[in-house]
Amino acid sequence: MATPFPETMPAAMPSDGRNRAIAPGTARPARRRRGRAWRRLARCTLVIGALAIIVGPGAPAARATEDSVEPLTQTALALTADPVHGHAQFARYCARCHGASGRGDVNRRIPVLANQRFAYLVRQLASLSEEARDSANMHHALSATVAHDPQTWADVAAYLSTARAPSHTQAGDGRHVALGEATYRILCASCHHDDAWGDDDGFVPSLRNQNYAYLLSQMGRIPALHRRGIDENFAALIRSLKPDEAAGLADYLSRQRGPTPRQ
Ligand code: HEC
Ligand code: HEC
């Protein structure tokens, strides 16, 4: 296996995020199915507005492939999903990295997928498959197999979203859990739900049952728009976190367990 581990990420959380902002005119329209989530972000603007935003570096240019993510996602969601077939495909193509039951690999920062939301999983598979989200490991995994197929995404997501969540996840050192919980309530719960299982539609991911290192690595990479489809305001929100807040959030969330709704 020639692909690198771990995925590239900043050595530390950016600490100057509160003085950064999005170049005007770079915002892309919110996705149709996620409109509700992004409208909720408007309610967070008072919080974000307090972050003394000035003009900072612009977003990287969108790739052409990004435009295909939404139609491919909708195509996959309209199919009849077969979780039994999905389980077999997962065992064949995915389990060597994500673990036999989708429970991830802490050392390689490979995420837990078991019990993640169905629509979110489908969208991420479309996005990773189209290389609108960076991950050399996933691009390789999806291009080399029948995994580059909306039916497979629907089947695998149907299996994973109903798979049992792990009973144990890697947590942080506990020093900033209280700060993390307080920050979560103020900045994150409006979209990810009080219980951190995501939104009603399932496009906002569950942050439960996930490992600390993966959560922290995503918070380090989202501000650099390694997922090109996300809203720049969300990236700015994550960028605004101080290192202690980010560590506390990842630590608090990694201790949240239990089942999530399927859809
Ligand atoms: C070579 C190892 C490897 C293989 C094989 C692999 N993955 Fe991954 N996968 C990763 C890594 C590493 C990440 C985290 C990427 C990042 O840091 O953004 C990931 C991320 C994901 C995500 C995003 C999860 C989230 O919470 O956003 C999904 C969904 C996913 N993989 C599904 C699959 C499926 C389905 C297969 C089989 C078709 C598969 N993976 C095969 C390594 C792998
Ligand atoms: C406006 C709604 C919104 C708010 C507020 C929000 N998020 Fe998110 N978050 C999302 C969406 C939507 C995604 C999925 C992005 C995608 O499709 O790639 C996401 C993805 C994530 C992920 C990646 C999960 C994974 O499995 O890879 C993490 C980590 C995360 N958010 C943490 C946070 C934290 C911490 C906060 C608060 C500081 C927060 N979010 C606030 C909407 C939001």
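Predicted model: local features only at pLDDT ≥ 70, side-chain atom pairs only at ≥ 80, totals over all residues.
Residues are numbered from 1 along each chain as its sequence is written, and chains are lettered from A and ligands numbered from 1 in the order in which they are written.

Let me start with the whole protein. There are twelve helices and zero strands, where helices (H or I, at least four residues) and strands (E, at least two) are DSSP runs numbered from the N terminus. Of its 263 residues, 43% count as buried; a residue is buried if 20 or more other C-beta atoms lie within 10 Å of its own, exposed if 12 or fewer, and partly exposed in between, with C-beta atoms placed from the backbone. Two residues are in contact if those C-beta atoms lie within 7 Å, and among the contacts with a separation of 6 or more, 84% come from residues 24 or more positions apart.

Now to helix 12, residues 243-254, which reaches 16 Å from its first C-alpha to its last, close to the 16 Å expected at 1.5 Å a residue, the expected span being 1.5 Å times one less than the number of residues. Nine of its twelve residues are buried, and these buried residues pack against helix 9 (177-192) and helix 10 (212-221).

How do helix 9 and helix 12 lie relative to each other? They pack at an angle of about 90°, with their axes 7 Å apart, and are therefore roughly perpendicular, a term that covers angles of 65 to 115 degrees. The axes are lines fitted to C-alpha atoms over the stretch in contact, and angles run from 0 to 180 degrees between N-to-C directions. Helix 9 contributes residues including V177, L179 and Y184 to the contact, and helix 12 contributes residues including G248, L249 and Y252.

Next comes A158, found in helix 8 (residues 150-162). Why does A158 count as buried? Because 23 other C-beta atoms lie within 10 Å. A158 touches A81, D82, P83, G86 and F118, leaving aside residues up to four places away in sequence, and P83 is 75 residues from A158 in sequence yet 5.0 Å away in space, C-alpha to C-alpha.

Finally, ligand 1 is surrounded by 22 residues, of which the closest are C94, C97, S135, A141 and A147, a residue being near if its C-beta atom lies within 6 Å. Helix 5 (95-98), helix 6 (118-129) and helix 7 (136-143) each give two or more residues to this shell.

Terms used
Parallel < 35°, antiparallel > 145°, perpendicular 65-115°, else oblique.
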